[in-house]
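Have a look at the model first.

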Amino acid sequence: MKQVSEIKKDFPIFQRLINGKELTYLDSGATSQKPNIVIDSMSEVYKQNNANVHRGTYVLSSETTSKYEDVRNKFKNFINANSPEEIIFTKGCTEGFNLLANSLCKDLSEGDEILLSEIEHHANIIPWQMAADKYGLIIKYINVDKNFNLDMDHLETQLTNNTKIVSLVGESNISGMLPDIKNINKLIKSKTEALFILDGAQLVPHREIDVQDLGIDFLCVSGHKMLGPTGIGVVWGKKELLEKMDPVYGGGDMIEEVYYDKATWAPIPHKFEAGTPPYVEAIGLGAAVDYLSDLTMAEVQKHSDHLRLYAKNTLENINGINIIHTDSENAGCTFAMSVDGVHATDISLMLDTYGVAVRAGHHCVQPFHRKLNIDATFRATGYIYNDEKDFDTLANAIEDSLKILR
Amino acid sequence: MSIEAKVEQFKKTLSLFPNPQEKYQYLIEQAKLNEDFPTELRIDEFKVNGCQSQVWLVPEEREEKLHFSSDSDALIAKGLVTLIASIYSDESAQDIASSEIDLMEEFELGVILSPARRNGAFSMLKTIKEFAKKLAD
């Protein structure tokens, strides 16, 4: 991969000083920063091409439509989907889960089971809870063991004939754990007819993904965590499954024929994309895919693995720090931390005065924090524009802050 | 001392600390001085919603003046709520209810006093004002 110092030059935000200090941005788990190529691609559309997609019979609309639909193809290649029709644009990962929960659960029967893990993001819990309430479904949770890994034995015992959906995180935004998706998929398919949904919010920005090789049924992706703008995400699903599903949102662009008393749906993917889509954001996401593809995801993944090991060793040396991090050899560069007797928000506020941006709170994984009996953690996540120096700055700032806070 | 005079006094004190780190250190010192909050009052009834840490504010009426005791499990939030409680303590419900002074505007306290509605300081002020308004009406 090109040097981090060179990559940083592509991200205008790193020219900013925060409290007089260089920005040490370690909150990409919440949202990533944006390279010029993404920002420019969006401003270019507004300046040069802007017109609503799929409607016009004029140059501008045709240009915008083709830019928008090109992104579907780019994304198809990015995750090795079978065809661009399998790529549905959403406004984010959360909307993706809501779409799937609403569309899939209405065809289930009372008592059917949905299997999640104890360490899921709220976006992969609440939509299922809402659907379960509505349709009388049962949600079960797979244990996460003391080393912050998915308990595979427990998963196996939880899979029964009643299991209709399994929805799991691909890379944990808390412990960095990377469940063995391919094997989990095999296990699910060998024991049940359940659909397997993967939460790719943290996984897709950092690691090479091949949905066909993984064998999963659906993938939810967040655009803004992978250098893209906010307001755009992707649901990928197997074509034959998407075709059978009903749309969740109704409106323009998702129909074939409309009568006063009924309507028929457009073919996939458009039947899931009601109304004017966030086409400028989608084009921004396309530029993000280009940027990552230029670096190559193999290199992005290598960088994440290297940085994670360095960060782990550096952070573990801080006196009194507890790190919620998997003991597996492979993991994401994500470190949720706490210090006994010191509140996470105090640490993150102090870190901000050193120009270090981390997140404090439960990171939308409140039930798991409750299980660990911790109110809040502060979390540092690394990405392509972070290097060893950023984690040195973090570690030094934590130690200095603790001198004041203890 | 009136609410306005106390605000002026704190503004002067805070201006002695030009950078955010020193301001936080000042709040942490204030927090460490505020040690007399009884643990048994750390209950939901007195919890201020909307803060990132747990914050408790206990209002009391003493000889026609209001008094606010406060606590938090985080030091910077505790320093802030200590400061806010001392500004509005020993004032009448009418004076607090009618005070239009905007602490968010007056104090330069960096990100902890940003005027976002979901901000903890906003919730602390709202709790105090609502209690005073109830008594003043």
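Of the 406 residues in chain A, 50% are buried. Please keep in mind that this is a predicted model. Chain A holds 15 helices and 17 strands. Its C-alpha atoms fill a box of roughly 70 × 55 × 35 Å along the principal axes. A compact globule with 406 residues would have a radius of gyration near 22 Å, and chain A agrees because its value is 22 Å. Among contacts between residues at least 6 apart in sequence, 71% join residues at least 24 apart.

Let's turn to helix 5 of chain A, residues 126-135. Its buried residues are A:Pro127, A:Trp128 and A:Ala131. These lie on the same side of helix 5, because they cover an arc of only 95° around the axis. Elements of chain A that cover them include those in this table:

| Element of chain A | Residues |
|---|---|
| Helix 4 | 93-105 |
| Strand 5 | 113-117 |
| Strand 6 | 138-142 |
| Strand 7 | 163-169 |

After helix 5 comes A:Gly136, which has a positive phi, near 70°.

Next, a helix pair. Helix 2 (residues 36-49) and helix 11 (residues 279-295) of chain A have axes that come within 8 Å and cross at roughly 145°. The crossing of helix 2 and helix 11 is right-handed. Helix 2 contributes residues including A:Ile37, A:Val38 and A:Met42 to the contact, while those from helix 11 include A:Ile283, A:Gly284 and A:Asp290. By class, this contact has 10 nonpolar, two polar and one charged residues.

How values were computed: Residues are numbered from 1 along each chain as its sequence is written. Chains are lettered from A and ligands numbered from 1 in the order in which they are written. This is a predicted model: local features need pLDDT of at least 70, side-chain atom pairs count only at pLDDT 80 or more; totals for chains, interfaces and linings use all residues. Helices (H or I, at least four residues) and strands (E, at least two) are DSSP runs, numbered from the N terminus. The radius of gyration is taken over C-alpha atoms; the globule rule is 2.2 Å times the number of residues to the power 0.38. A residue is buried if 20 or more other C-beta atoms lie within 10 Å of its own, exposed if 12 or fewer, and partly exposed in between; C-beta atoms are placed from the backbone. Two residues are in contact if their C-beta atoms, placed from the backbone, lie within 7 Å. The arc is that of the directions from the helix axis to the C-beta atoms. Axes are lines fitted to C-alpha atoms, for helices over the stretch in contact, and angles run from 0 to 180 degrees between N-to-C directions. A crossing is left-handed if the near helix is turned anticlockwise from the far one by less than a right angle, and right-handed if clockwise. Ala, Val, Leu, Ile, Met, Phe, Trp, Tyr, Cys and Pro count as nonpolar, Asp, Glu, Lys and Arg as charged, and the others, Gly among them, as polar.
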